[in-house]
Each structure stands twice: as C-alpha cells, then as structure tokens.
Amino acid sequence: MSKFSILFLLIVFLTLSCKNSVNKSDSNSDNNINTTTTSIQQNNVDVNENTKQALVLEHLPNIIKKYNSDFYQDFLAYLNLLNSFIDTEDKVLIVLAMRDSMMVEMSTIIDNYYYNEGEADWDTWALVDKELDTIGFWTIYAEGMFVALDVAPILENEIEQYTSEEFKTYIDFKNKFSQSLGGEYPFMNVSVYYPAIMAGEKMYKNFKSSKYFDLIYDDYLNCLSIVTDMHKVSFGSSSSDCFYSNLTYSFYPFATSCDDLEFIIDEYPNSMFIPIFKKITNNMSVIDVDTDNENAKAEVFAVVIDKFDNYKDAGDKIFEFLHQGKDIVHNLSLKNNNDETLYYTCYRFYSNKQKAEDALKNIKSDFPNAKILHVIVLDDFGSAIIVD
C-alpha cells in the first residue's frame, strides 16, 4: 500500500469517532472480544485510547511485525479503521477497501508464518485462524494445509444498517464465494458453490446494471460453470465417474460429483436454474474412454451451437444461455487440422453417435445452426482434435 494511501486513510480515520463495539455472528470471534478492555492491545501499546469494546489480538500483531515490520503500521491503521465509528456506506467502503488492499501482503505473511511455525504448532495456529476471521480474512485450505486468504464477513451490523440493498447483495456474494474455495479436489463438492450462486442470481435479477454486478461477474460465471459444465465418463465395464470441464477424465483436479445436482434441486427449489439442472440430470453428456488406446482415448460426437476465437467469449455466451433458461452448458476447446484452438458452446456430447443425432433433433428448432462435430480425445486433460 502506498504512503499516500495510508496517509489518506489515516486522515479519514481521524474524522471518525470511535465505535462502541464490534459484533460478529460467527462463533469464531468469541475469544477475540474483550468486553472490559478500553483499547486495542497491540504489543501492549494503546493505539486508540477512546475505544470501548475493542478487538484484542494476541498473536497476529507479533506475527506481522516479525515477518514484515514495514507492513505493521498498515496493519495498525486498518485495525483503527475497523474499530472506528461507522455510520455510512462510505465509511464501510473505506474499511473494506483497505482490507482488500492488504490481502496479497497478508497472504504472504501468513503463508510464511504457517509453514515456518504454524503447521508445527496447531493449537496456536487455530487461534491465529480465529483472529484472521475476526478482522475479515478467511483462511483457505487444500489437503488440510493453508493455501491462501480471501475475505471473511466483517462490519455485518453496519452493512445491514447503513448500506444499500445492492451493496449488501454484493458483499453477501463475496463472502459466500470466499467460503466456497479450497479443498484437495476443487470441483468434487459443487454444492458448496451454490450459496454464492444464489447471491449472484439475486444480483442479476435486481441489480444487473449495478457496478457491483460487474465486480462479481467473473466469479459468478465461474461458479455456474462448475455446477453445470459436467459430464460422465465410462471406463469400459469397470466404472463410471463424473468430471468437470471440456472432455476431461483426469481425477485430479477435474473429478466432480453428479449427485450434488440432486441435492441442489432439493435444497434450492426457487433458484432460476433448477429447470436446467433437471435437464442435465435427465440427459448428461457421456463419453466412453479407452485408456489402453494410444492413438485415441475417446471418440466423441459433440452437438455445438456457436464458434468463438477465445474461451471467455464462449463462456459469456453460455452465461447468457443459462440466464435465458437454455441448457447449453459446455465450453469446449478443440483443435482443427491447422492446429488452431477454437472454442464452442456445446449442448451435449456423447460417444454414441445416435444419441448425438437425437440431441441435435431435440434442439434444432431453437438453434437452427447447431451441428455435430466428430472429435477424437487424446488425453485425460481433454485435449481433442476435430475429425470432421
């Protein structure tokens, strides 16, 4: 963070009076609130003498000072802002903006601490984790190990009382998206993405023209892709599993769970995408893989709609289709005879040609330009070439 930014934020802080309390609904914050302390204790230094019920952080200040002493003053400035009197949306924005601007540096510091000390002292790490959550930093894990920070809920009472409905929805999405991250297999439990999708759906319906919708668009699209762009893979008579994205069949990282769609259908009956999920579960893309064949792992017939030069444009079109209630769910990247990569929006794909022809007939009235591409899959990461 630049010295100018810090100076500006501190000037803003000096214009704010001190708030009476910091409330968090999450039980993780219980050990971090001292109801009798009248100051924020940072290495036994009172940084705000007038604060009444203030955050008491036992571990984080020492960790930050040890691993990045220059950043320590930024950290104290953030805590002062967090504990200032906040009664407008602008003041909420100031605190959140400073928190977000600190994310990269905080992630680096906590990563260094975790792998140098925290991993070997799990009891202390658990307390550090709680302190991070209390001040708005969500810890993300993979295989039980810390990998990154993202945003955690803060200023919940202030946001509820002083901010607009579109801002509340935006913050709700950001918090829920953050909580969906992590895990050894990132696509295995797709239902964890659905709370964020519901917040994104609300933003789309009510505040599509808002600047906040633009800020969540990419993450919202990513969540929808994870939940909808799945297919079954049959490995002969041995097994049948589900995978995310393109024509993949590598268990890491693409393994997913088709059963989660049934859970989502039951758990979120009012979501606008439920009709699409029902269509997917009743008619999912399926490919048959022969892992022993060195030349062609799978033969696939893909029912495609539109062709694009890049992945993003195809994804944007799928986003549009999904919000129109159309179950065009796959973003396929395929190579042609000139070794060019082309991107297609795809309805379904099958190794069974007759199924592809039936699917084409099913959607031809809505998509008259739809056609079948004959594709050969070369490896478990979905690399494929167009035959005809």
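In which sense do β9 and strand β12 pair, and over how many bridges? In this predicted model, β9 and β12 (residues 371–377) pair in the antiparallel sense over 7 bridges, two strands being taken as paired if DSSP finds at least two bridges between them. Local features were considered at pLDDT of at least 70 and side-chain atom pairs only at pLDDT 80 or more, whereas totals for chains, interfaces and linings use all residues. Residues are numbered from 1 along each chain as its sequence is written, and side-chain values use heavy atoms, with hydrogens and water left out.

The protein chain contains 15 helices and 13 strands; these are DSSP runs numbered from the N terminus (helices, H or I, at least four residues; strands, E, at least two). Of its 388 residues, 52% are buried, that is, under 20% relative accessible area, with over 50% termed exposed and values in between partly exposed (1.4 Å probe, protein chains only). Among contacts (heavy atoms within 4.5 Å) between residues at least 6 apart in sequence, 63% join residues at least 24 apart.

Strand β9 (residues 298–308) is largely enclosed by the rest of the structure, because 8 of its 11 residues are buried. In the pairing with β12, His 374 is the bridge partner of Phe 301. Strand β9 also pairs with β11 (residues 341–350) in the antiparallel sense, over 6 bridges; here Cys 346 in β11 is the bridge partner of Val 304.

At the N-terminal end, Ser 210 caps α10 through a side-chain oxygen 3.0 Å from the backbone nitrogen of Tyr 212.

Asn 246 lies in the loop between β6 (240–244) and α11 (251–254) and counts as buried because its relative accessibility is 8%. The side chain of Asn 246 reaches the backbone nitrogen of Ser 333 at 2.9 Å and the backbone oxygen of Gly 382 at 3.0 Å. Residues up to four places away in sequence aside, Asn 246 touches several others, among them Asp 229, His 231, Phe 349 and Phe 381.

Terms used
Polar contact = N/O pair within 3.5 Å; in protein donor to acceptor, adjacent residues only side chain to side chain.
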